[in-house]
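Please look over the sequence and the structure shown below, and then read the short report that follows, which takes a few places in turn.

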Amino acid sequence: MKTILILIGKITQLSIVNICEIPENIRNKAKFVLIINSNLQGQIEPKPLSSFDKVIYTPVNSASVYDEQELYANVTLVCKEYSNIHAFVPDEMNVDIAEQVLAKFNIPGWGQSTGKLCRDKVLMKEHMLKHGIRVPKFMPYTFNTDFNSLCDEIGLPFVLKPVDSCGSIGVYIIRNEEEYNQFLQIPDNYENYEVEEYIDGILYHVDSIKYEDQFFATVARYSHPLAQALDGKVVGAIEIPANNPLYEKLIQFNYKVVESFNNDGCYHHELFVTKNGEIIFLEIGWRACGAPNYAIFAQHYGFYQTILSIILNIDGKAPIAPQKDNYRLEFLVPKKLGIYNGIKLPSLCGKAQIEHLIELNTNLEHKPALYSDACAKITITYPTFDHDYDLILSDFNTLCGAQLYG
């Protein structure tokens, strides 16, 4: 019997790694152990924890990142009590430190530096170049580098981003010297930055699972590049159907990227398509897609990415049952300075529902720090994906250009 070890840093991750969603006949073939942020003790309803054979709480720092020594001690306890362990870490902020610890116990897949390559944007792009994959021009950044030197090397505009951030945190698009000087005045929350070429194109994401010789993937187009969420742009994505000519090109490009790691797991890959049709790698995470776009993969294959990956590790021949009805689009509306008076929806083809994530009349004094720092979630449902795709596309385009704040 296999042991499935799941490491969770934030409570939101538990909702998309709900092992109760695994069919019982498959779930009974494994034991489940959860290592979870100790700050969440007492905040979780009993039901999500009831299917675990053991739950271990581990200390984290203020950013919900594991303490390495404590994590090592907890994994040691698990390895003494259980065998045939397979580990899953849906949290990008913790995947690097988890890899360092799990590799010491020879847990499958965790000794190949995949997490390190997917967390360090410079190492990531160097790896892709070695495998013949087109990436933006880039280089490590040293603070106070001369503006003209950066323009000569990378061009203008250029992008400055922390080497190991996620969710567009700390990303700056520099269009002129004044904006560069403003960046230099910002209090530094990161030690290492990179500078890279600004790509003018449409941003897509391909979310996939590699398990031995099996490959599962969905292709989707973002509403906007995620950094634009910090300026109030709605965050969402629309699935690209297999009959779209671009679909197969992006699938094949993604397959080459994922195969370069030679490792199983969930991958969230972002890439640009330029106006002349060139496909350019942007980033990849060794994890499942985050909110609000994880529903795309789940509707296509019947399970969220991490859950399907766990299922395959328990039973590699488990049947996959796609969701056929009640297809949904999901969008996050980022916070905006001022009084939050709710969301004003345009006329839409699908059935729309608004979930307020903050109270009405809240005075927002700070801009969002990352794209998921939202004031509302919009969910739009349709009878089916295939037959209603034109309506789905129409609503997607409407929301991308709509003024949503009340």
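Predicted model: local features only at pLDDT ≥ 70, side-chain atom pairs only at ≥ 80, totals over all residues.

## Helix H11 and its cover

Helix H11, made of residues 294-301, is mostly covered, with seven of its eight residues buried. The buried residues are Tyr294, Ala295, Ile296, Phe297, Ala298, Gln299 and Tyr301.

Several elements take part in covering these buried residues of H11, among them helix H1 (11-16) and helix H12 (305-314). The cover also includes strands, namely S9 (201-211), S10 (214-222), S11 (235-239) and S14 (325-334). Just after H11 comes Gly302, whose phi is positive, at about 90°.

## Thr379 in strand S18

Thr379 is placed in strand S18, which runs over residues 374-384. Its relative accessibility is 17%, so Thr379 counts as buried, the limit for that class being under 20%.

Leaving aside residues up to four places away in sequence, Thr379 touches Arg328, Leu329 and Glu330, and also Lys351, Ala352 and Gln353.

Key. Residues numbered from 1 in each chain as written. Heavy atoms only, no water. Helix = DSSP H or I, 4+ residues; strand = E, 2+ residues; numbered from the N terminus. Buried < 20%, exposed > 50% of the residue type's maximum accessible area, 1.4 Å probe, protein only. Contact = heavy atoms within 4.5 Å.
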